[in-house]
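I opened my notebook to look through one structure from start to finish. Come along and check each entry against the picture.

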Amino acid sequence: MIEYSQALLLITTTLVAVSTIAYLGAFFAVRMSVRGAGPAAATAGQTGTVIINTGDGDRVVSVTGGVHRAPIKRFTVTWWAAKSTQMSLVLLTGSLVARTIATGHMPFSNHYEFAISFAWGMILAQVYFEWRYRVRTVSIIVLPVILAMLIYASTLSYQPSPLMPALQNSPLLTLHVLTASIGYGASVVSFAAALMYLLAPHVRWKGWPREEVLDDLGYKATVVTFPMLTLMLILGAIWGNVAWGRYWGWDPKETAALVTWLIYGAYLHARVTRGWRGSRSAWLLILGFCAVIFTYLGNLFFGGLHSYA
């Protein structure tokens with residue numbers, strides 16, 4: 001079953017790579033078509049309309065603000081890219097299930113397995129937010145991050161190892177890492193929205209999402225991230241008491257996870273109570289995602305009780 005799991009993972013990585021190339025290709029192709037439109041594009045910008053590429057030519061449509069649920073025209077490059085990403089989610093789920101069957105426990109017990117779980121959470125977030133809010137341009141940032149995580153996982157040893165005693169409380173381990181995977185996965189969407197927000201003033205393309213749309217998308221993704229990280233910390237504390245006899249020990253990974261939680265909490269607090277929006281909020285979301293990556297990789301340098309993950 002381990003071989004089946006690895007085969008599914010390889011196909012997943014290939015599909016994500018294809019989706020990444022397709023979205024980037026479509027993005028640059030539309031930019032070139034809009035540039036070629038010349039006066040028509042300028043007129044669209046003045047009258048509250050935009051030119052979009054439907055796969056068989058450009059057409060002008062009216063916009064009124066907000067996040068639009070415009071359907072993807074079937075059998076275009078972006079349609080195939082979206083379907084490829086959705087299929088990669090199914091296959092990566094199958095890979096995790098196959099590994100679970102092979103090892104007898106959920107695949108959350110070492111650095112390799114959490115890399116795959118982290119990638120699964122990011123793909124899940126990408127598929128959900130693309131379906132729910134139709135801000136597809138964020139894919140040009142989200143998908144390369146997912147691809148980088150999958151490639152990184154391929155450099156690690158995939159051979160299963162016996163569970164260490166601290167990891168033998170299966171329900172707590174499963175819930176703890178599952179909430180981390182979902183929370184960390186959603187954070188990549190808020191990161192992409194924030195980065196695109198900061199780039200927006202420098203991008204001269206009508207198809208780039210409006211700043212208020214990106215600001216709102218970053219907030220909606222954080223509304224998923226923060227409660228998941230809260231549950232992760234609570235479950236981790238309970239698990240720590242069972243495994244090591246204390247709820248909190250200022251282990252490097254625990255401390256980094258707490259700092260990450262505080263950053264996202266500060267973002268939500270500043271937005272709700274102080275009305276923070278715009279660049280300041282975007283920088284907080286970028287800082288939060290950097291903290292997520294540090295939390296995942298930091299134990300490789302600082303060790304601690306979480307050195308296995």
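How many helices and strands does the chain have? I looked, and there are 10 helices and two strands. Helices here are DSSP runs of H or I with at least four residues, strands are runs of E with at least two, and both are numbered from the N terminus. Reading along the sequence, I noted the pattern α-α-β-β-α-α-α-α-α-α-α-α.

**Ground rules**

I am working with a predicted model, where local features need pLDDT of at least 70, side-chain atom pairs count only at pLDDT 80 or more, and totals for chains, interfaces and linings use all residues. Residues are numbered from 1 along each chain as its sequence is written, and side-chain values use heavy atoms, with hydrogens and water left out.

**Confidence**

I looked up pLDDT, the predictor's confidence in each residue, from 0 to 100. The chain averages 83, and 80% of the residues score at least 70. Over residues 39-70 the pLDDT is below 50, and this stretch has 52 contacts in the model beyond near neighbours in sequence. A contact means heavy atoms within 4.5 Å.

**The whole chain**

I counted burial next: buried means under 20% relative accessible area, exposed over 50%, and partly exposed in between, with a 1.4 Å probe and protein chains only. Of the 309 residues, 50% count as buried. The chain exposes about 14600 Å², and carbon and sulfur atoms supply 68% of that area. Accessible areas come from the Shrake-Rupley method with a 1.4 Å probe, and for residues only the protein chains shown count as cover. Among contacts between residues at least 6 apart in sequence, 78% join residues at least 24 apart.

**Annotated spans**

I then turned to the UniProt record, an unreviewed entry, which places "transmembrane region" at several spans, including residues 114-131 and 254-270. UniProt positions are in the numbering used here, feature names are shortened, and annotations may be inferred rather than shown by experiment. In the model, residues 114-131 are 100% helix and 0% strand, with end C-alpha atoms 25 Å apart. Residues 254-270 are also 100% helix and 0% strand, and their end C-alpha atoms lie 24 Å apart.

**Thr 12**

Is Thr 12 buried or exposed? Thr 12 has a relative accessible area of 0%, so I wrote it down as buried. It lies in helix H1, residues 2-37. Leaving aside neighbours within four places in sequence, Thr 12 is in contact with Ser 88, Leu 91, Leu 92, Ile 123 and Leu 150.

**Salt bridges**

I searched the whole structure and found six salt bridges. A salt bridge is a side-chain nitrogen of Lys or Arg within 4 Å of a carboxyl oxygen of Asp or Glu.

Which residues are linked in a network of salt bridges? They are Asp 215, Arg 271 and Arg 277. Asp 215 pairs with Arg 271, the closest N and O atoms being 2.8 Å apart. Asp 215 lies in helix H7 (residues 211-244) and Arg 271 in helix H8 (residues 252-274), so this pair ties together parts that are 56 residues apart in sequence. Both Asp 215 and Arg 271 are buried.

Arg 277 also forms a salt bridge with Asp 215, with the closest N and O atoms 4.0 Å apart. This pair links distant parts of the chain, 62 residues apart: Arg 277 is in the loop between H8 and helix H9 (279-297), and Asp 215 is in helix H7. Arg 277 counts as partly exposed because its relative accessibility is 46%, while Asp 215, at 12%, counts as buried.

I also looked up Glu 254 and Arg 246, whose side chains meet in a salt bridge at 3.2 Å, N to O. Glu 254 is buried at 8% relative accessibility, and Arg 246 is buried at 18%.

**Backbone angles**

Most residues other than glycine have a negative phi. Arg 134 is not a glycine, yet has a positive phi of about 60°. Arg 134 sits in the loop between helix H4 (111-133) and helix H5 (139-154), and is partly exposed at 22%. Trp 250 has a positive phi of about 55°. Trp 250 is in the loop between H7 and H8, and is exposed at 57%.
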